[in-house]
Every structure is written in C-alpha cells, then in structure tokens.
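Please read the following note with the model open beside it. The points take up the annotated region, the sheets and the ligand surroundings in turn.

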Amino acid sequence: MKRFSHFDASSIEEAISLLGKYENSSYVIAGGSDLMGGLKDNLWMEYPEAIINIKTIPGLNNLTVKEDGLHIGALVTLTELSESDAVKQTWPGLAEAARRTASPLLRNMGTIAGNICQENRCWYYRYPDKIGGRIDCIRKGGKRCLAIPGDHRFHSIFGAVKKCIAVNPSDTAPALVALNAVVKTTKREIPIDEFFTGENGCGSTILDHNEIVTEIIVPTPSVGESSAFVKIAYRKSIDFALVNCAASITIIDGKITQARICLNGVHNVPRRCSDAEALLIGKKLTEETAAEAAATAVADAKPLFQNMYKVQLAKTSVLDTLLECVR
Ligand SMILES: Cc1cc2nc3c(=O)[nH]c(=O)nc-3n(C[C@H](O)[C@H](O)[C@H](O)COP(=O)(O)OP(=O)(O)OC[C@H]3O[C@@H](n4cnc5c(N)ncnc54)[C@H](O)[C@@H]3O)c2cc1C
Ligand code: SF4
C-alpha cells in the first residue's frame, strides 16, 4: 500500500468537507472489506490522498421499523440485517440476500451501503499491479477491455456498457431493487432503480464524489406481498454470485397483482426483468407461469463464448426465486 491520510469523521458535515478538500482523491471507508483490497492492489488511476472513516459518525447504524417501512442506516452490517427477526419476517428476500453475502467475518464488517457501492470484481480490473505490471483496461482509463477477447466466463450476458462487460457483484442490490427501496444520501433521495450505473468509470453508482449514503428505506410490504432471494455460486459461502435473483410478488385472490424481479451478476447493473414481470400480472403463480417468466427474463441475453452457461443459471434462478416467494 502507498501512504495516505486517514481521518475519523465525527459528523456527516466533516466527512463532506474532507471529501471536498481532497476532491477526486479521496474515498469514504465503512467496513473496508471492499475498499482495502482496492488500496492494496492499487486499483485506481490515481492513488487516493485521503481515506475518510465514516464509522465514527454517530447515528448511521440504526435499523428501525417505522410506519413507512424499514429504515436501514448506512453502517448497518450485513450480519445485523440477516439476523434481525423483523427483517427475516417482513422482508425475507433482503434478510436472505444479506445472509448469503460473503462469510461471517465479512458480514460482521461489511455494511449495507458498502455492499451497494462496491466496485466490480472483473479479474483484469482487480489484477494487482505488483504482479507482472498494471493492467489498464477501459474502466481504468485504458483503451481496451481485456475480458472480451480474454477470459469472460463470469462476465455480462446482456452486453456491454461503454465497452465494459464487468458485472455488478452485490448480493443485496437485487433484493433492494425487488423491494423498491429508496437510497437516502447527503444530497437527495434516489429510487433504487436509478441508483446503479455502468457509465461512471470506476464507480458503480450515480453518486457524486462528495455524496454519502446515509440510509436506505425499504417500503412496508402491501397485503399479499412476499419476497425471496436465490444465489448461485461455486461455494455456499464467501464466493461472489455467478448469478443471483430477488423477487417480490403480490398475490390477491390467487392472482398476481404486482411483481418486481431483479437479476444480478449478469450485467453492469442489477437488471430488472420487466417483460417477465408484465407477463405474470393477472396470472396464478404456478410452475408453468414461473417457467414462462424465467424464459422471458433471459430471452434477450447476448452471452459470449465462455459464459453461455450463465443464461441457464439466470433462467433457473428466476424460476426458483418466484416459486420461493410462495413457499
Ligand atoms: C473475500 C470477499 C468475498 C466477498 N463476497 C461477497 C459476496 O458474496 N457478495 C457481495 O455482495 N459482496 C461480497 N464481498 C464484497 C464486500 O465485502 C461487501 O460488499 C461489503 O458489504 C462491503 O461493505 P464495506 O462496508 O466493507 O464497504 P467498504 O469497503 O468500506 O466500501 C466499499 C465502497 O463503498 C463506498 N462506501 C461505503 N460506504 C459508503 C456510504 N455510506 N456512502 C457512499 N459510499 C460508501 C466506499 O467508498 C467504497 O468505494 C466480498 C468481499 C471479499 C473481500
Ligand atoms: S470487463 Fe470492464 S473491468 Fe473488466 S477488463 Fe473489460 S473494461 Fe475492464
């Protein structure tokens, strides 16, 4: 690692002021489980001058159920989320997504905001520059993507954004999308559907440099609404998802009246399956309708030579997630 200044911010205002002072050369750190890897491997085009610790800011770690829904402070850990009885009971898709993230140690450190703001895991992008020299791909300001002609077995099956086929690796992101969450920041409230982007170079979100997530609000489910999350990975713990999926379904009088389905690990951003959702409305949730929706969700996939298998994984995970909603 190289040298940098480290600040323990005592308030949001102090953290924002420090981000302003070290404009474009600073990062906030929460659990550090993603950021520290980036610092060790010298990921970015310019090494940050300052790291601003936000764990020292009081009031960002509350997990509260209010009338309008679940309020998750930015510093709530994945362990807290996955072990909360209220979350398990009312937002099971989110509790399961947090439970399936990484390992116990990482869930103890990792925060919800860090989980949705983490950077991609493309192995060319993450390649440590101390081994064999730096790989500057498009995301790092270079001229070409190495994964497209190289090894892309874990990459996007829905095409590229800005010629990059890295996927969003977050487990909680699809659950928050399926549950229609809102991300509150120091500047605005962002509907989760608008939060992620592949357009922003290294960043995976639309956040400005001097903008911090303070809270995530997940609405209270309506009558008849249920949610689920399914992850497919090589190993049960620690591995990032090959594909994951979350869904929330509302069933009234035996018929589906609302559906939100989100795949992740398949594209630069978590991917809403809008056609599959539309197909379900007004129908009963059976193995057949779920299979039809699953086939629709991957109908416009454009896999590459080495990742065709992910299309079948995505299809299976949509099917399993929908059926899990009514189990
Ligand atoms: C071995 C290993 C396995 C992993 N497996 C998984 C997995 O299976 N699934 C998965 O989803 N993730 C996985 N991760 C990634 C990571 O550990 C988690 O996503 C974790 O939740 C990140 O949270 P953090 O608080 O540690 O983030 P940090 O490392 O502190 O921050 C991550 C990024 O988010 C930014 N950030 C943090 N908080 C805020 C905020 N409040 N506002 C704005 N920006 C913020 C930071 O600047 C940084 O860019 C894994 C990581 C490792 C090292
Ligand atoms: S997929 Fe994206 S991050 Fe990976 S090498 Fe290509 S441009 Fe870089």
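**Note on the predicted model**

1. Over residues 1-223 the chain is 25% helix and 16% strand, with 52 Å between the end C-alpha atoms. Helices (H or I, at least four residues) and strands (E, at least two) are DSSP runs, numbered from the N terminus. UniProt lists residues 1-223 for "domain: FAD-binding PCMH-type" in an unreviewed entry; such annotations may be inferred rather than shown by experiment, and their positions follow the numbering used here.

2. This is a predicted model, in which local features need pLDDT of at least 70 and side-chain atom pairs count only at pLDDT 80 or more, while totals for chains, interfaces and linings use all residues. Residues are numbered from 1 along each chain as its sequence is written, chains are lettered from A and ligands numbered from 1 in the order in which they are written, and side-chain values use heavy atoms, leaving out hydrogens and water.

3. An open sheet of 3 strands has the order S1-S3-S2 with parallel pairing (two strands pair if DSSP finds at least two bridges between them). Strand S1 (5-8) and S2 are at the edges with a single partner strand each, so one side of each is left without a neighbour in the sheet. S1 is joined to strand S3 (residues 50-53) by 4 bridges, and Phe7 stands opposite Ile52 in S3.

4. Another open sheet has 5 strands in the order S4-S5-S8-S6-S7, and here the pairing is antiparallel. Its edges are strand S4 (63-66) and strand S7 (189-191); each has a single partner strand, so one side of each lacks a neighbour in the sheet. S4 and strand S5 (residues 69-73) run antiparallel and are joined by 4 bridges, with Lys66 opposite Gly69 in S5.

5. Which residues come nearest to ligand 1? Of the 32 residues around the ligand, they are Val28, Gly32, Ser33, Leu35 and Thr111 (a residue counts as near if one of its heavy atoms lies within 4 Å). Strand S2 (26-29) and helix H7 (112-117) each supply at least two residues of this shell, and H7 gives the most, with 4 residues.

6. Polar contacts (pairs of N or O atoms within 3.5 Å; within protein, one must be able to donate a hydrogen and the other to accept it, and residues adjacent in sequence count only if both atoms are side-chain atoms) complete the description. A polar side-chain atom of Ser33 lies 2.6 Å from an oxygen atom of ligand 1, and a polar side-chain atom of Asp171 lies 2.8 Å from a nitrogen atom of ligand 1.
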